[in-house]
Every structure is written in structure tokens, then in C-alpha cells.
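Trainee: Could you walk me through this model? I'd like to know what the terms mean as we go.

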Amino acid sequence: AAPAPAEPAAKPANDKLVVGFAQIGQESGWRDAETQSIQFYAGQNIDTIDLKFADAQQKQENQIKAIKSFIDMGVDVIGLAPVVETGWDAVFTEAKEAGIPIVLVDRKADVPEDLYATFIGSDFIKEGNDGADEMARLLDNKGKIVELEGTVGASAANDRKKGFDDQIAAKYPDIEILASQTGDFTRAKGKEVMESFLKTYGSEIQGVFAHNDDMMLGAIEAIKEAGLKPGVDIKTVSCDGVKGIFEAMAAGEANVTVECNPLLGPQFFETCAKLKAGETVEKWIKSEEGVYRAETAAEDLPNRVY
Ligand code: GYE
């Protein structure tokens with residue numbers, strides 16, 4: 001008898017790298033730059049990457065819903081920037097049981113190590129430490145300051161605060177943190193909280209540390225409206241390195257930004273591809289970043305891409 005024809009190879013429904021990404025929202029210029037980096041990379045690689053992108057509008061429950069729908073779709077890898085650190089165990093366990101690796105992008109989650117493949121992002125404790133050293137330098141190691149915290153419960157806020165406050169307590173006994181309050185990583189809230197600090201403490205305040213540049217840009221407006229000079233009467237140190245803060249530094253209205261890199265798209269998809277191929281990846285893929293001061297802001301500005 002004639003040999004049976006070979007079975008046609010079963011074709012996978014989608015041979016692209018299928019990735020679900022649950023983004024936090026659009027709270028800051030930094031966040032927008034990260035979203036663009038991810039969407040741009042996927043767009044450039046449309047033949048090989050299928051990106052499902054969800055915007056959670058700042059709500060953990062929306063991120064959890066998005067992750068569940070990615071599990072139902074059977075994506076290859078799920079990425080997310082967890083809005084807060086806690087509360088992920090159940091949904092990450094569902095992903096694990098479905099055999100879908102989780103990649104944490106830019107913010108950490110407080111879960112057992114076996115529930116995620118890797119964290120791609122910055123060392124926020126170090127950013128806080130660097131922020132404290134810069135503030136001490138600006139104030140000659142002595143003075144009264146206020147702190148604008150990021151979103152309550154976010155790893156970027158928890159760790160920047162810890163890094164900053166611990167470094168001040170350990171190395172700069174003559175610097176006093178008068179007050180510390182959340183501005184939710186937004187410009188509008190940063191302005192609002194700074195207004196209330198100025199009402200309470202007035203010209204006692206000699207410096208502000210903000211967990212991101214957007215809140216500082218809001219605080220700068222509040223300081224100006226109070227008739228004081230930001231960057232001169234009140235020194236500023238914030239995190240991220242967005243263009244707006246370089247413009248403020250070049251104009252003499254801000255002093256320092258501690259860079260945090262949002263351009264994580266390429267690293268993210270390269271990591272997803274490795275995970276799909278069954279390769280193991282490092283548990284923490286660290287971003288490289290620097291500290292930028294007002295003195296070089298005008299020169300630095302044209303080189304900033306976000
Ligand atoms: O600093 C802030 C943003 O998670 C590192 O989130 C990120 C932070 C960033 O909204 O601007």
C-alpha cells in the first residue's frame with residue numbers, strides 16, 4: 001500500500017510572541033515615556049510581536065482584571081508595573097498555574113520569588129540615598145526640608161522614602177524633615193500638598209525632596225505663587241529626569257534630578273522572548289542611571305529623550 005501522507009504540522013494559533021502588558025495609568029511624564037517605549041518597540045516589531053496593552057487608570061483592581069483576561073487569552077508572557085506592592089499573590093498564582101511567566105516592570109511586587117520571573121527596573125533605595133546626598137550638598141548639611149511622597153503603597157515611593165530618610169538620619173543629623181506627605185506622583189497633587197506645607201511652615205522650608213519630577217514641577221508653581229524662588233530660597237531634588245525638570249533647572253528654578261530610566265521597552269520584550277524560549281533570566285535586571293544637576297542642565301537638555 002502507498003505510504004500514508006505525512007500529517008501536516010499543527011500550526012500554532014499565533015506564532016508571534018504574544019505579550020499582555022498591564023500598565024498603571026498616565027500619572028506622570030515618566031509613565032508616558034515608558035508606555036511609548038513599550039508600544040514603539042512592539043510597533044517596530046509588528047511581524048514578531050503581538051502586544052495586548054491595558055491602561056488600569058491607577059487602579060489595582062483594573063490591573064488584576066487585565067491580567068485575568070491575558071490569562072484567558074493564553075498569552076506567552078504577562079508584564080505589569082504594579083501600582084502598589086501588595087495584593088498580587090492570588091492573580092500571580094493563577095498565571096503560574098496557567099504556565100504564564102510574570103515580568104515586573106519598573107515597580108516591584110511583594111510576593112514570593114517563585115511567583116514572578118524577573119523585575120526589570122531601578123534601585124529606588126539608591127535613588128533615595130543619592131537624593132539625600134544631593135540635598136545635603138545643596139544645604140551645606142544643615143536645614144529644614146519637606147518631602148513629597150509618591151503613590152501610597154507603591155514600591156517606587158516606599159523605597160525612595162526609605163533610601164532618603166535613612167540616609168538623612170544616618171549621615172546628616174542637622175537636616176530635619178519637617179513633614180512628608182503623598183502627592184500621588186502627579187503634578188496637580190504635588191502643587192496642592194506644597195501649598196499646604198507652605199501655609200504651615202512658610203519660609204522655614206529650605207528644601208523639597210519629591211519622589212518624582214512631576215510633583216516637583218507642581219511644587220515649583222506653588223513656591224512661585226507664594227512669592228519665593230524655587231531653586232534659590234527653596235532647594236529642590238526630585239527623581240526621574242524628565243525634560244520638564246531639565247527646563248526648570250536650566251531656568252534656575254530647580255537644582256537636581258536623580259535619573260530613573262523609563263525606556264524599558266527593548267529590555268522588556270527581549271526578556272519576554274527569552275522566557276518564551278524557556279531560558280532563565282536574572283531575577284533583577286537593573287537599569288543604569290545617573291544624577292543630574294542644574295549646572296549642566298542647559299547642555300544636557302538636548303540629549304534628553306523623555
Ligand atoms: O518615578 C513616577 C511614576 O514607577 C519608577 O512612577 C516609576 C515611577 C516614576 O509615575 O514618575
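**Helix, sheet and ligand**

Mentor: Let's start with helix H4 (residues 124–138), which lies across S6, S7, S8, S9, strand S10 (256–259) and S12, at about 160 degrees to S9. Angles run from 0 to 180 degrees between N-to-C directions, with axes fitted to C-alpha atoms, for helices over the stretch in contact. Contact means C-beta atoms, placed from the backbone, within 7 Å. Mind that this is a predicted model: local features need pLDDT of at least 70, side-chain atom pairs count only at pLDDT 80 or more, and totals for chains, interfaces and linings use all residues. Residues are numbered from 1 along each chain as its sequence is written.

Trainee: How do you know that S6 and S8 pair?

Mentor: Pairing takes at least two DSSP bridges. Four bridges join strand S6 (residues 143–149) to strand S8 (residues 207–210), so they pair, and they run parallel. Val146 stands opposite Val208 in S8.

Trainee: What makes S7 and S12 edge strands?

Mentor: The open sheet runs S7-S6-S8-S9-S10-S12, with mixed pairing. Strand S7 (175–182) and strand S12 (291–293) each have a single partner strand, so one side of each is left without a neighbour in the sheet.

Trainee: What is the span of H1, and what is expected?

Mentor: The expected span is 1.5 Å times one less than the number of residues. H1 has 16 residues and reaches 22 Å from first C-alpha to last, close to the 22 Å expected.

Trainee: Which residues are closest to the ligand?

Mentor: Ser28, Trp30, Ala156, Phe185 and Asn212, out of 13 surrounding residues. A residue is near if its C-beta atom, placed from the backbone, lies within 6 Å.

Key. Helix = DSSP H or I, 4+ residues; strand = E, 2+ residues; numbered from the N terminus. Contact = placed C-beta atoms within 7 Å.
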